[in-house]
Amino acid sequence: VMQQQSTCHACNGYGATVPPGGTCRSCRGSGMMQNTVKLKVNVPPNCPDHQRFTFPGKADEAPDMETGDVVIELREKTHPLFS
């Protein structure tokens, strides 16, 4: 006698199924939505090269995960007239 366990193909191991047309139209059943957020960076005069601006908790989000920080680092480009 041999036993074998596998994931149910009907419910993918969730124990329930969603009837046709019953999924969320916003996230299409994924439980997550994607949107774009603008972050405003105020750069003070005479800001040094490689200055970092941190936005805590503004990184991509995922279920059961801690949201990280967005870090923006300025890099000064040389200019032929103002160098």
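Predicted model: local features only at pLDDT ≥ 70, side-chain atom pairs only at ≥ 80, totals over all residues.
1. **Salt-bridge count.** Searching the whole structure turns up two salt bridges. They connect Arg52, Glu73 and Arg75 in a network.

2. **Glu73 with Arg52.** Glu73 pairs with Arg52 in a salt bridge, and the closest N and O atoms lie 2.8 Å apart. This pair joins distant parts of the chain.

3. **Glu73 with Arg75.** Glu73 also forms a salt bridge with Arg75. Here the closest N and O atoms are 2.8 Å apart.

4. Is Arg52 buried or exposed? Arg52 has 54% relative accessibility, so it counts as exposed, the cut-off being over 50%. Arg75 is at 59% and therefore also counts as exposed. Glu73 comes out at 25% relative accessibility, which means it counts as partly exposed.

5. **Where Ala59 sits.** Ala59 belongs to the loop between strand 1 (52-55) and strand 2 (70-73). Its relative accessibility is 24%, so Ala59 counts as partly exposed. The range for that class runs between the 20% and 50% limits.

6. **What Ala59 touches.** Which residues does Ala59 touch, leaving aside those up to four places away in sequence? The contacts are Thr67, Gly68, Asp69 and Val70. As for Val71, its C-alpha is 9.0 Å from that of Ala59. Ala59 and Val71 are twelve residues apart in sequence.

Definitions and conventions: Residues numbered from 1 in each chain as written. Heavy atoms only, no water. Helix = DSSP H or I, 4+ residues; strand = E, 2+ residues; numbered from the N terminus. Buried < 20%, exposed > 50% of the residue type's maximum accessible area, 1.4 Å probe, protein only. Contact = heavy atoms within 4.5 Å. Salt bridge = Lys/Arg side-chain N within 4 Å of Asp/Glu carboxyl O.
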